[in-house]
Amino acid sequence: MRLQLESLLTRSDFVDTVYKVLANAIADGSLAPGERITQEEIAEQLHVSRSPVLQALRLLKKDGLVEDAPGRGVQVAPLDPDWVGRIYEVRGALDALAARLAAQEGATIDPSLIEQGRLVSESGDFKRIIDADMAFHYAIYAASGNELITENANRYWVHLRRVMGAVHRFSSQRSAIWDEHEAIAKAIGRGDAEQAVFLTEQHITRAKTNLVNRLKDKLAHDLASA
């Protein structure tokens, strides 16, 4: 039997890298909803063959981040208000549970996470802004002591990043988000589980309501302009 070797440019790690690059670009708005994506352009920019790009796009389509474009090819999927609402329902349950457990443990959330978040919040670098936001919430997941919370959050990682990116892009007062984060961290640190849960649920509800309303307004505007 003749030995066959898998091409380096089709290894799964290349596919994963292309996937994450494109998912991050969708999350931070570099690739906007409705923007067409071509295999050739992505392959050229990332200096890889078209094969890992094609596989990454298939995964992104499966995850609902891209969809078939009119004619041929794919485009970035719109942010559907109903889907965003469902993501926030899951996230709200996970975050509230994590906050309660972390507070019961009397955990200390690293203050540098909040300091870093405040520093980048007005930078306009949405990848760094999203990373800082994710780092804060994942710190609470880790502090909860329940690894299943992190595991479940990881299942929705790309969608959490995308809605976080949208919240920050649409927010006129990003510093207020970090005020809320700081209040949650302080409640956890003093072991006030009920207050930590209350502030977390308030934080999630406020973000969900603002984003869903903005998306519905944009959808109505687009339909009226069609």
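Contact in this report means heavy atoms within 4.5 Å. The model is predicted: local features need pLDDT of at least 70, side-chain atom pairs count only at pLDDT 80 or more, and totals for chains, interfaces and linings use all residues. Residues are numbered from 1 along each chain as its sequence is written, and side-chain values use heavy atoms, with hydrogens and water left out.

**Gln75**

Gln75 lies in strand 3, residues 74-76; helices (H or I, at least four residues) and strands (E, at least two) are DSSP runs numbered from the N terminus. With neighbours within four places in sequence set aside, Gln75 is in contact with Gly34, Glu35, Arg36, Ile37, Leu65, Val66, Glu67, Asp68, Ala69 and Pro70. Gln75 counts as buried because its relative accessibility is 15%, where buried means under 20% relative accessible area, exposed over 50% and partly exposed in between (1.4 Å probe, protein chains only).

**Nonpolar cores**

A nonpolar core is a set of buried Ala, Val, Leu, Ile, Met, Phe, Trp, Tyr and Cys residues joined through side-chain atoms within 4.5 Å. Two such cores are described in the table.

| Core | Residues | Members include |
|---|---|---|
| Largest nonpolar core | 45 residues | Val84, Tyr88, Ile109, Phe136, Ile140, Ile188 and Leu211 |
| Second, separate core | 21 residues | Val15, Val18, Leu22 and Ile37 |

The members listed for the largest nonpolar core are those that touch the most other members. Helix 6 gives the largest share of this core, ten residues. One of the listed members, Tyr88, is in contact with Val163, Val167, Ile204, Ala207, Lys208 and Leu211, leaving aside neighbours within four places in sequence.

**Helix 6**

Helix 6 has 18 residues and reaches 26 Å from its first C-alpha to its last, close to the 26 Å expected at 1.5 Å a residue. Among its buried residues are Phe126, Ile129, Ile130, Phe136, His137, Ile140 and Tyr141. Just after helix 6, Gly145 takes a positive phi of about 80 degrees.

**The cavity**

A cavity is a set of points, on a 1 Å grid over the protein atoms alone, where a 1.4 Å probe fits but cannot get out; lining residues have an atom within 4 Å of a point. A search of the whole structure finds one cavity of 30 Å³ or more. The largest cavity holds about 40 Å³ of space, a volume being the space filled by probe spheres set on the points. Its lining consists of Asp95, Ala99, His137, Ile140, Tyr141, Ile184 and Thr200. Helix 6 provides the largest share of this lining, three residues.

How values were computed
1 Å grid on protein atoms, 1.4 Å probe; cavity = no way out; pocket = protein on both sides within 12 Å on 5 of 7 lines; lining within 4 Å. Expected span 1.5 Å × (residues − 1).
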